[in-house]
Amino acid sequence: MAKKPNKLKARLPRGFVDRSAEDIRATDEMLAKIRAVYERYGFDPVETPAFEYTDCLGKFLPDTDRPNAGVFSVQDEDEQWMSLRYDLTAPLARHVSENINEIQLPYRTYRAGWVFRNEKPGPGRFRQFMQFDADTVGAPGVQADAEMCMMMSDTMEALGIARGQYVIRVNNRKVLDGVLESIGLGGEEHEERRLTVLRAIDKLDKFGIEGVRLLLGNGRKDESGDFTKGAELDPAAIDSIVAFVSGTGTLENEGITELNTMAEIFSACGYGEDRIKIDPSVVRGLEYYTGTVFEAELLFDVTNEKGEIVQFGSVGGGGRYDGLVKRFTGRDVPATGFSIGVSRLMTALKNLGKLGTSDVVAPVLVTVMDGDVAALGRYQKMVQDLREAGIRAEMYQGNWKKFGNQLKYADRRNCPIAIIQGSDEREAGEIQVKDLIEGKRLSEEITDNITWRESRPAQVTVKETELLATVHGILDGQAEDRQRQNEG
C-alpha cells in the first residue's frame with residue numbers, strides 16, 4: 001500500500017506576524033499623520049532596498065551574540081554577503097555616500113520601511129518591524145538636533161498624545177564618553193566593552209538601577225533563567241556610571257555645552273520641560289552615535305504581559321551620527337536623525353484609544369441569480385456602475401446556485417447592502433435592494449409583527465434607474481447610525 005505523503009504544515013516563523021486589513025489601514029492612517037508633520041518641516045521622502053551588502057551595514061550591528069551578528073544574511077552569485085537591513089540609518093548613509101555629488105546638502109529626508117533583527121523573539125519583540133525615520137545629513141550644528149526633538153514633540157501631539165502623556169528626553173554621548181574615559185574605557189581597544197556598558201544603561205527604564213548595576217558588573221539572570229553577561233566593571237566604575245545616569249554626577253565638557261545650547265533653543269521656541277527634557281540617563285544602544293541622543297517616551301501606565309502596571313516607555317529615538325557617511329567617503333559629513341517604532345507606537349495609540357478604527361465600509365454585494373453569459377454581464381455592469389459612483393462593490397464569485405450561501409457570505413463580509421435581481425425583476429425593470437445592517441438589527445430587536453411593519457424597511461424594490469440613488473441613501477443612513485452610536 002502506497003504511503004500517503006505528509007501534509008505540509010502551515011506555520012508562521014517565530015518573531016513574525018501576519019497583518020489584518022484593519023491593522024494595515026490603521027497603520028496607513030498613523031503614517032499619514034507622521035508624514036504630514038515631516039513634510040511640514042521640509043523633509044522629502046526617499047526609499048532604499050531591504051537588502052544591503054553586509055559590510056555597508058558596518059560594524060554597528062545590534063546583537064553580536066547571535067548568528068550573522070544579529071542580521072539575516074545570504075550570499076549572492078558573486079559570493080558577496082548581503083543582509084536584510086536592521087535599521088534605516090545605515091542604508092541612508094550608504095545612499096548619501098553613493099550620491100554625494102548629486103545630493104544637495106543639507107539633505108532632509110524621511111522614509112518608512114520594514115527592518116529585520118536576527119534576535120531571540122519574545123513578548124512585544126519581533127524579528128520584523130516597521131520604522132519611520134527622518135534625518136538631516138550635512139548639518140553640523142546642534143540646532144539641527146534641537147529641530148529633530150521639536151519635530152518629534154509635534155508628531156506625538158499630531159497623533160493625539162497629549163502633553164503630560166509623553167516627553168522627548170535628550171542627552172549627549174560626549175558627556176557619557178567623558179565618564180567612560182574617566183573609568184579607563186576610552187580608545188578603540190575598549191569599543192566592544194563600551195557598547196556593553198551602553199546597552200546596560202539603555203535598560204534603565206526596563207530593569208531599574210539595580211538591574212543596570214548587575215549588567216555593568218558580572219551579569220544578570222532574568223526570570224526565565226537566561227543569563228546576560230555583564231560589562232565586568234569594578235565597583236568604583238559602576239558607582240561612577242550610576243551617579244551619571246542618576247543625575248548626581250558632575251562633569252564639564254563639550255557635550256554639556258551643546259545640551260545647554262539646545263535647552264536655550266527649546267525655551268525660545270516654547271518647548272518647555274513638559275515636552276522636551278534634558279535627561280542624563282538617555283544613551284541609546286548603538287555605538288555609532290557621536291553627540292546628541294534623544295528618545296520619545298510615553299508616560300502613561302499600561303498592564304504588561306505579566307499583569308504588572310508599568311509606564312509604556314520608549315516609542316522611538318535617535319541622535320547624531322557624524323561618522324557613518326565618512327566610512328564610505330573619507331570626508332566628514334555630519335548627520336542627525338530620529339526613528340519611530342511604528343508597531344510599538346500603534347500599540348500605544350490603541351491603549352490610549354487614539355488608534356484610528358477603520359471607517360472603510362465593506363463592499364455592496366451584487367448577488368447572482370442566473371449564471372448565463374448575458375446575465376453575468378448585466379450583474380457585472382451593475383457592479384461597475386456602483387464603483388463609478390464611488391461605492392465599493394463586488395459581484396458574488398462563488399457557486400451562485402445556492403443563494404443562501406450568497407447571503408451568508410454577505411453576512412460574514414459585513415456587507416452593508418445586497419443587490420438582488422432575478423428573471424422576474426429583470427422583466428419588470430426592477431431591482432431588490434436589501435439593507436443588511438438594518439435587517440440584522442431588526443432580526444435581533446423586533447419580536448412582534450406590528451413593530452416589524454412599522455419599522456424602517458430592510459428591503460425595497462426600485463426601478464433600475466433608481467439603483468444608485470437608493471444605495472447612496474441607505475449607505476448615508478447607515479453612516480448616520482454609526483455616528484450616533486460613536487457619539488453615544
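A residue is called buried when its relative accessible area is under 20%, exposed when it is over 50%, and partly exposed in between (1.4 Å probe, protein chains only). This is a predicted model, in which local features need pLDDT of at least 70 and side-chain atom pairs count only at pLDDT 80 or more, while totals for chains, interfaces and linings use all residues. Residues are numbered from 1 along each chain as its sequence is written, and side-chain values use heavy atoms, with hydrogens and water left out.

**Stop 1**

Select Glu 232, which lies in the loop between strand E9 (227–229) and helix H8. Helices (H or I, at least four residues) and strands (E, at least two) are DSSP runs, numbered from the N terminus. Is Glu 232 buried or partly exposed? With a relative accessible area of 45%, Glu 232 counts as partly exposed. Its phi is positive, about 60°, although Glu 232 is not a glycine. Most residues other than glycine have a negative phi.

Next, select Asn 414, in the loop between helix H13 (403–412) and strand E16 (417–420). Asn 414 likewise has a positive phi, near 60°, and is a residue other than glycine. Its relative accessible area of 44% makes Asn 414 partly exposed.

**Stop 2: a cis peptide bond**

Select Leu 105 and Pro 106. A cis peptide bond joins them, with omega about -5°. Most peptide bonds are trans. Pro 106 is found in the loop between helix H3 (89–98) and strand E5 (107–116).

**Stop 3**

Select strands E2 (51–53) and E3 (73–75), together with strand E4 (residues 81–84). In what order do the three strands of this open sheet lie? The order is E2-E4-E3, and the pairing is antiparallel. Two strands are said to pair if DSSP finds at least two bridges between them. E2 and E3 are the edge strands, each pairing on one side only. From one strand to the next, the twist averages 35°.

Now examine the individual bridges. Three of them join E2 to E4, and the partner of Phe 51 in E4 is Leu 84. Three bridges also join E3 to E4. Here Val 74 has Met 82 as its bridge partner in E4, and Ser 73 has Ser 83. E3 and E4 form a hairpin with five residues between them, and Glu 79 in the turn has a positive phi of about 60°.

**Stop 4: the eight-stranded sheet**

Turn to the open sheet of eight strands, whose order is E1-E5-E6-E13-E12-E11-E7-E10 and whose pairing is mixed. Its edge strands are E1 (44–45) and E10 (276–278), each of which pairs on one side only. Two bridges join E1 to E5, and these two strands run parallel. Select Pro 45 to find its bridge partner in E5, Tyr 110.

Then display helix H4 (residues 142–158). H4 lies across several strands, among them E5, E6 and strand E7 (166–172), and runs at about 20° to E13. Axes are lines fitted to C-alpha atoms, for helices over the stretch in contact, and angles run from 0 to 180 degrees between N-to-C directions.

**Stop 5: helix H11**

Select helix H11 (residues 342–352), where Val 342, Leu 345, Met 346, Ala 348 and Leu 349 are buried. Seen down the axis of H11, these buried residues fall within an arc of 160°, so they line one face of the helix. The arc is that of the directions from the helix axis to the C-beta atoms. The buried residues pack against helix H1 (21–40) and strands E6 (128–137), E11 (292–303), E12 (309–320) and E13 (335–341); contact means heavy atoms within 4.5 Å. Gly 353 follows H11 and has a positive phi, near 75°.

**Stop 6: helices H5 and H8**

Select helix H5 (residues 173–182) and helix H8 (residues 235–246), whose axes come within 10 Å and cross at roughly 160°. That makes H5 roughly antiparallel to H8, a description for angles over 145 degrees. The contact is made by Val 175, Leu 176, Val 179 and Leu 180 of H5 and by Ser 240, Ile 241 and Phe 244 of H8.

**Stop 7: Arg 378**

Finally, select Arg 378 in helix H12 (residues 373–388). At 29% relative accessibility, Arg 378 counts as partly exposed. Arg 378 and Ile 276 are 102 residues apart in sequence and 62 Å apart in space, C-alpha to C-alpha.

Notes:
Angles under 35 degrees count as roughly parallel, over 145 as roughly antiparallel, 65 to 115 as roughly perpendicular and the rest as oblique.
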